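Subject: Structure for you to look at

Hello,

Here is the structure I said I would pass on. Please open it first, then read the notes below with it on the screen.

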Amino acid sequence: ESSENIICNWEYATSLFNESTIRAFAERFELLLEGIVSDVKTKLAELPLTTVTEQQQLTLWNNTKVDYPSNSCIHHLFEEQAGLKPDKVALVFENESLTYLQLNQKANQLAHYLKEKRKVRPDTLV
């Protein structure tokens, strides 16, 4: 540390991290420090952790707005999608995946069970 700068060295377990990951950590840390120095009254949760380029990329990736019939129920829209792409993967969890057709079948199975065995009706909290 000097009156003009701070030099930081990173030590890490090479069996857990590669150099590019640590370099990314260091860049985020530098960005965080710059945010602190620029306004010391800023809350920690409001400090930047991504670069402008990364923010632009996230904005692009999250631009998922799609027009859909607002007068349709979600289960009708899902069944329509299942009819259009029955063999496409709809859900992945750990090592398992379900296609739209499989997921729709399981959802219908659950719905029938709830209606018939558990007597669930519209506006019943499940």
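**What was found**

K119 counts as exposed, at 55% relative accessibility. The cut-off for that word is over 50% relative accessible area. Please keep in mind throughout that this is a predicted model. K119 is located in the segment after α4. Its backbone has a positive phi of about 60 degrees, although K119 is not a glycine. This is worth a remark because most residues other than glycine have a negative phi.

D123 is another residue to look at here, and it too is placed in the segment after α4. D123 is not a glycine either, yet its phi is positive, at about 70 degrees. Is D123 buried or exposed? With a relative accessibility of 86%, D123 counts as exposed.

**The chain as a whole**

The protein chain contains four helices and two strands. Read from the N terminus, their order is α-α-α-β-β-α. You can follow this order along the chain in the viewer.

What radius of gyration does the protein chain have? The value is 25 Å, whereas a compact globule of 126 residues would have one near 14 Å. The C-alpha trace spans about 75 × 40 × 30 Å along the principal axes of the chain.

Of the 126 residues, 11% count as buried. Among contacts with a separation of 6 or more, 9% are accounted for by residues 24 or more positions apart.

As for the surface, the accessible area of the protein chain comes to about 11,700 Å². Carbon and sulfur atoms hold 55% of that area.

**Charges and salt bridges**

The protein chain carries 13 positive and 18 negative side chains. The centres of these two sets lie 16 Å apart. As a general point, side chains of opposite charge can pair when their charged atoms come close.

How many salt bridges does the structure hold? There are three.

One of them joins the side chains of E19 and R23, with 2.3 Å from N to O. Both residues belong to helix α1, which covers residues 19–38. They are separated by about one helical turn because they are four residues apart in that helix. R23 has a relative accessible area of 47%, so it counts as partly exposed.

R28 takes part in a salt bridge with E27, where the closest N and O atoms are 3.7 Å apart. R28 is partly exposed, at 22% relative accessibility. E27 is also partly exposed, and its value is 45%.

R28 also forms a salt bridge with E54, and here the closest N and O atoms are 2.0 Å apart. This pair links distant parts of the chain: R28 is in helix α1, E54 is in helix α2 (residues 52–61), and the two are 26 residues apart. E54 itself has 25% relative accessibility and counts as partly exposed.

N104 sits in helix α4, which covers residues 100–116. At 14% relative accessibility it is counted as buried, because the cut-off for buried is under 20%. Which residues does N104 touch, if those up to four places away in sequence are not counted? They are F78, E79 and A82.

T99 belongs to strand β2, which covers residues 96–99. Its relative accessible area is 17%, so T99 is buried. Leaving aside the neighbours within four places in sequence, T99 is in contact with P86, D87, K88, V89 and A90.

**Where to start**

If you want an order for looking, begin with E54 and R28, the pair that links helix α2 to helix α1. Then turn to N104 in helix α4 and T99 in strand β2. Finish with K119 and D123 in the segment after α4.

Regards

Conventions. Residues numbered from 1 in each chain as written. Predicted model: local features only at pLDDT ≥ 70, side-chain atom pairs only at ≥ 80, totals over all residues. Heavy atoms only, no water. Rg over C-alpha atoms; globule rule 2.2 N^0.38 Å. Buried < 20%, exposed > 50% of the residue type's maximum accessible area, 1.4 Å probe, protein only. Contact = heavy atoms within 4.5 Å. Areas by Shrake-Rupley, 256 points an atom, 1.4 Å probe, with all protein chains shown as cover. Lys, Arg positive; Asp, Glu negative; His and termini not counted. Charge placed at Lys NZ, Arg CZ, Asp CG, Glu CD. Salt bridge = Lys/Arg side-chain N within 4 Å of Asp/Glu carboxyl O.
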